[in-house]
Amino acid sequence: MKKFIIIAIGGFSGANLRLFFNNVNKHHYEIPLNTLFINIVGCFLFCFFMTLIINKQDHISKFFPIILSGFLGAFTTFSTLCKETVQLLLNENIFNGIYYLVLSIVLGFVFALSGTYLAKKVLLFWQKIIIIREGL
Amino acid sequence: MEYFFVGLGGACGSLLRYYLGRFITSKSNSSFPLGTFIINITGAILLGIFNSISMDKNISILICDGFLGAYTTFSTFIYEGFNLFNNKKTNALVYIIISLFLGVLGYLFGIKIFKII
């Protein structure tokens, strides 16, 4: 039951934040930069926190992965990506459609990689602090 | 009011994604992330269908932006693709390319389905 409520709250706030971003920036670009931004930021945070969780399971609440999945899963979206790609393709912007799709994947991977990398650095730093504290 | 509707849809979408994803993963025993795959493709098809129907703005926000936006996910998709990439590079490429191809095709199918029928 606790799980159920956590996922629901995560989904509620994730979807709200996505709508908020879309409402703040109504400017029309050649490719849908709003969704692109939301998706890659979501990838970065997801990989960053997942790497921390996997390596520090004993120290982090077991509900943390569910919070991530609920919140960031709802924040990022795959269906809108498909919709916007099709709209670009149907408007005869075939180049922009493919460009948008490729950019989403490449930047998604780059941000996933940097999130993982940063998390590993944080973990190293964490370990150093523990060693120093034990030494004192 | 639209924030309440998008949130309500988002909560339901996240719940369905979590429980359906867990159910599918428990049934399949391959390393291929079948759960997210099926969820993303069905979400894209459904979004196409709902976008081809004209409906009230609030209901559209509830279903399209809230429910289907939260039901499908890009972050888990990339995370799984990224992890596959670290183990088996070809599997990761196949997963990503097939997901995108079927997602785009699924959305197209969704908006055309009523015209075909």
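How many helices and how many strands does chain B have? I looked that up before anything else. Chain B has five helices and zero strands. I noted that the model is a predicted one.

**Entry: chain B as a whole**

I read the elements of chain B from the N terminus on, and they run α-α-α-α-α. I then boxed the C-alpha atoms along the principal axes. They fill roughly 45 × 35 × 20 Å. Chain B has 117 residues, and 51% of them count as buried. I also checked how far along the chain the contacts reach. Among contacts in chain B with a separation of 6 or more, 75% join residues 24 or more positions apart.

**Entry: helix 1 against helix 3 in chain B**

I turned to one helix pair inside chain B. Helix 1 and helix 3 of chain B pack at an angle of about 35°. Their axes are 7 Å apart. I noted the crossing of these two helices as right-handed. From helix 1 of chain B, the residues that take part include B:Phe5, B:Leu8, B:Cys12 and B:Leu16. From helix 3 of chain B, they include B:Ile61, B:Leu62, B:Phe67 and B:Leu68. Glycines take part as well, among them B:Gly9 and B:Gly13 in helix 1 and B:Gly66 in helix 3. I sorted this contact by class and found 12 nonpolar, eight polar and three charged residues.

**Entry: one residue, B:Leu84**

I found B:Leu84 in helix 4 of chain B. Is B:Leu84 buried or exposed? I counted 20 other C-beta atoms within 10 Å, so B:Leu84 is buried. The cut-off for buried is 20 or more. I then left aside its neighbours within four places in sequence. B:Leu84 is in contact with B:Asn91, B:Ala92 and B:Tyr95. I also took a distance to B:Phe114, which is 30 residues from B:Leu84 along the chain. The two C-alpha atoms are separated by 37 Å.

**Entry: where the two chains touch**

Next I looked at the contact between the chains. It takes 38 residues from chain B and 37 residues from chain A. Which helices of chain B supply at least two residues each to this side? I listed helix 1 (2–27), helix 2 (34–52), helix 3 (57–71), helix 4 (75–87) and helix 5 (89–116). Helix 1 of chain B gives the largest share, 12 residues. By class, the side of chain B that touches chain A has 19 nonpolar, 16 polar and three charged residues.

**Entry: a helix pair across the chains**

I picked helix 2 (residues 33–55) of chain A and helix 4 of chain B. They pack at an angle of about 55°, with their axes 8 Å apart. That angle makes helix 2 of chain A oblique to helix 4 of chain B. The crossing is right-handed. Chain A brings A:Gly42, A:Cys43, A:Phe46, A:Cys47 and A:Met50 to this contact. Chain B brings B:Ser75, B:Ile78, B:Tyr79 and B:Phe82. I counted seven nonpolar, two polar and no charged residues here.

**Entry: A:Phe109 and helix 5 of chain A**

B:Ile78 and B:Phe82 came up again when I checked A:Phe109. Beyond its neighbours within four places in sequence, A:Phe109 is in contact with both of them. A:Phe109 lies in helix 5 of chain A. It counts as partly exposed because it has 19 C-beta neighbours inside 10 Å. I also noted A:Cys43, which is 66 residues from A:Phe109 in sequence. Their C-alpha atoms are 7.9 Å apart in space.

Helix 5 (residues 94–135) of chain A has 42 residues. It reaches 61 Å from its first C-alpha to its last, close to the 62 Å expected. Its buried residues include A:Tyr100, A:Leu101, A:Ile105 and A:Phe111. What do the buried residues of helix 5 of chain A pack against? I found helix 2 and helix 4 (79–90) of chain A, together with helix 4 and helix 5 of chain B.

**Entry: helix 4 of chain A**

Helix 4 of chain A has 12 residues and reaches 16 Å, close to the 16 Å expected. It is mostly covered, with nine of its 12 residues buried. Among the buried ones I noted A:Leu81, A:Cys82, A:Lys83 and A:Glu84. The cover includes helix 2 and helix 5 of chain A. Helix 2, helix 3 and helix 5 of chain B are also part of the cover. After helix 4 of chain A comes A:Glu92, with a positive phi near 65°.

Technical notes. Residues are numbered from 1 along each chain as its sequence is written. Chains are lettered from A and ligands numbered from 1 in the order in which they are written. This is a predicted model: local features need pLDDT of at least 70, side-chain atom pairs count only at pLDDT 80 or more; totals for chains, interfaces and linings use all residues. Two residues are in contact if their C-beta atoms, placed from the backbone, lie within 7 Å. Helices (H or I, at least four residues) and strands (E, at least two) are DSSP runs, numbered from the N terminus. Ala, Val, Leu, Ile, Met, Phe, Trp, Tyr, Cys and Pro count as nonpolar, Asp, Glu, Lys and Arg as charged, and the others, Gly among them, as polar. Axes are lines fitted to C-alpha atoms, for helices over the stretch in contact, and angles run from 0 to 180 degrees between N-to-C directions. A crossing is left-handed if the near helix is turned anticlockwise from the far one by less than a right angle, and right-handed if clockwise. Angles under 35 degrees count as roughly parallel, over 145 as roughly antiparallel, 65 to 115 as roughly perpendicular and the rest as oblique. The expected span of a helix is 1.5 Å times one less than its number of residues.
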